[in-house]
Amino acid sequence: MSTNTTIDKEKLKAELTVDMAPPPLYQVIMLNDDFTTMDFVVDVLMHVFRKSADEAERIMLTIHYQGRAVCGIYPKDIAATRIHQVHQLAQQAQHPLKCIMEPVPA
């Protein structure tokens, strides 16, 4: 018993194609405090956020003078992981350094 079914490949492809929007992005923001050393902040920016020494120093100075700075923009899960890494390193070094995440403004 044979059934001769023709499949319209283009129609099937169109049905299977789903418009997927990219995931929403979040900015990781490091906050200033009066106790964490500038060198520690630069080290964290270089190791966790993979910034160059010059860029890490520029971001650290922005944090110092403006109270906060964006360290990176990531999907929500990656942003949360980076924040967790920063908080772990800060806790190990006994620094009160904190990061937060906020949705990227439209």
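Helices (H or I, at least four residues) and strands (E, at least two) are DSSP runs, numbered from the N terminus. The model here is a predicted one: local features need pLDDT of at least 70, side-chain atom pairs count only at pLDDT 80 or more, and totals for chains, interfaces and linings use all residues. Residues are numbered from 1 along each chain as its sequence is written, and side-chain values use heavy atoms, with hydrogens and water left out.

**Exercise 1.** Find the strand that holds isoleucine 73, and decide whether this residue is buried, partly exposed or exposed.

*Solution.* Step one: look at residues 68-75, which make up strand β2; isoleucine 73 is in there. Buried means under 20% relative accessible area, exposed means over 50%, and partly exposed is in between (1.4 Å probe, protein chains only). Step three: isoleucine 73 has 45% relative accessibility, so it counts as partly exposed.

**Exercise 2.** Work out how strand β1 is paired and how enclosed it is.

*Solution.* Start with the rule: two strands pair if DSSP finds at least two bridges between them. Now go to β2: 7 bridges join it to β1, and the two run antiparallel. Along this pairing, tyrosine 26 stands opposite tyrosine 74 in β2. Next comes β3 (residues 98-103), joined to β1 by 6 bridges, again antiparallel. Here leucine 31 sits opposite lysine 98 of β3.

**Exercise 3.** List the buried residues of helix α2 and say what they pack against.

*Solution.* Then check their contacts (heavy atoms within 4.5 Å). These buried residues pack against β1, α3 (53-66), β2 and α4 (76-92).

**Exercise 4.** Track down arginine 50 and glutamine 94, then check the phi and accessibility of each.

*Solution.* Begin with the background: most residues other than glycine have a negative phi. Arginine 50 has a positive one, near 55°. You'll find arginine 50 in the loop between α2 and α3, and its relative accessible area of 64% makes it exposed. Now for glutamine 94: its phi is also positive, near 60°. Glutamine 94 belongs to the loop between α4 and β3, and at 73% relative accessibility it counts as exposed.
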